[in-house]
Amino acid sequence: MNKTVYLLILSLFYSCSAKYYGYVYDFDEEVPLENVKIYYTDALDYSISDEKGYFEITFKEKVKYLIFEKDNYQIYNLRTLSIKNGEFMEESPFGDTIYLISKSSKYNRPKLTLPNN
């Protein structure tokens with residue numbers, strides 16, 4: 001009986017986590033970016049992209065934004081949840097390519113202010 005309860009609690013714990021994955025590329029050069037730090041503002045865990053630009057990171061809670069950071073690149077805040085009128089609508093799909101813009105690029109993206117929660 002104790003094993004069953006333990007396995008049930010353990011499965012509930014792991015079912016509440018979310019896994020995000022994808023590739024990070026340079027916007028201008030269209031090449032994979034290695035050593036991009038991917039994290040959430042309130043989390044101590046983070047991921048680093050590999051030589052192919054691939055990353056994956058798992059969080060135990062719903063994450064509203066992921067932050068992509070690399071030296072000489074603009075920081076990119078990616079919304080991971082779709083919220084309309086204050087209500088959660090759906091989780092954005094992952095497994096796609098995220099583009100970072102270098103600080104020397106002629107392109108720029110609007111700044112996104114993150115909420116304090």
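## A first look at this chain

Buried residues account for 29% of the 117 residues in the chain. Keep in mind as you explore that this is a predicted model. The chain has one helix and nine strands, and from the N terminus on they follow the order α-β-β-β-β-β-β-β-β-β.

**Overall picture**

- Take the contacts between residues at least 6 apart in sequence: 57% of them join residues at least 24 apart.
- The chain has an accessible surface of about 8,400 Å², and carbon and sulfur atoms hold 51% of that surface.

**The nonpolar core**

- In soluble globular proteins, nonpolar side chains tend to be buried together.
- Here, the largest nonpolar core has 18 residues, and F68 and L100 are the ones that touch the most other members.
- Two or more residues of this core come from each of β1 (18–26), β4 (54–59), β5 (65–69), β6 (76–79) and β9.
- Setting aside neighbours within four places in sequence, L100 is in contact with a list of residues including V24, F27, L33, V36, F68, Y76 and R109.

- You can find F27 in the loop between β1 and β2 (37–39).
- F27 counts as partly exposed because its relative accessibility is 33%, which lies between the cut-offs of 20% for buried and 50% for exposed.
- F27 is also one of the residues in contact with L100.

**The salt bridge**

- Side chains of opposite charge can pair when their charged atoms come close.
- How many salt bridges does the structure hold? There is one.
- Its partners are E56 and K19, whose closest N and O atoms are 3.3 Å apart.
- This pair links distant parts of the chain, since E56 sits in strand β4 and K19 in strand β1, 37 residues apart.
- E56 is partly exposed, with a relative accessible area of 37%, and K19 is partly exposed too, with 47%.

**A closer look at S102**

- S102 belongs to the segment after β9 (97–100).
- Is S102 buried or exposed? With a relative accessibility of 11%, S102 counts as buried, because the cut-off for buried is under 20%.
- Not counting residues up to four places away in sequence, S102 touches D26, D28, N72, Y73 and Q74.

Definitions and conventions
Residues are numbered from 1 along each chain as its sequence is written. This is a predicted model: local features need pLDDT of at least 70, side-chain atom pairs count only at pLDDT 80 or more; totals for chains, interfaces and linings use all residues. Side-chain values use heavy atoms; hydrogens and water are left out. Helices (H or I, at least four residues) and strands (E, at least two) are DSSP runs, numbered from the N terminus. Buried means under 20% relative accessible area, exposed over 50%, partly exposed in between (1.4 Å probe, protein chains only). Contact means heavy atoms within 4.5 Å. Accessible areas come from the Shrake-Rupley method with a 1.4 Å probe; for residues, only the protein chains shown count as cover. A nonpolar core is a set of buried Ala, Val, Leu, Ile, Met, Phe, Trp, Tyr and Cys residues joined through side-chain atoms within 4.5 Å. A salt bridge is a side-chain nitrogen of Lys or Arg within 4 Å of a carboxyl oxygen of Asp or Glu.
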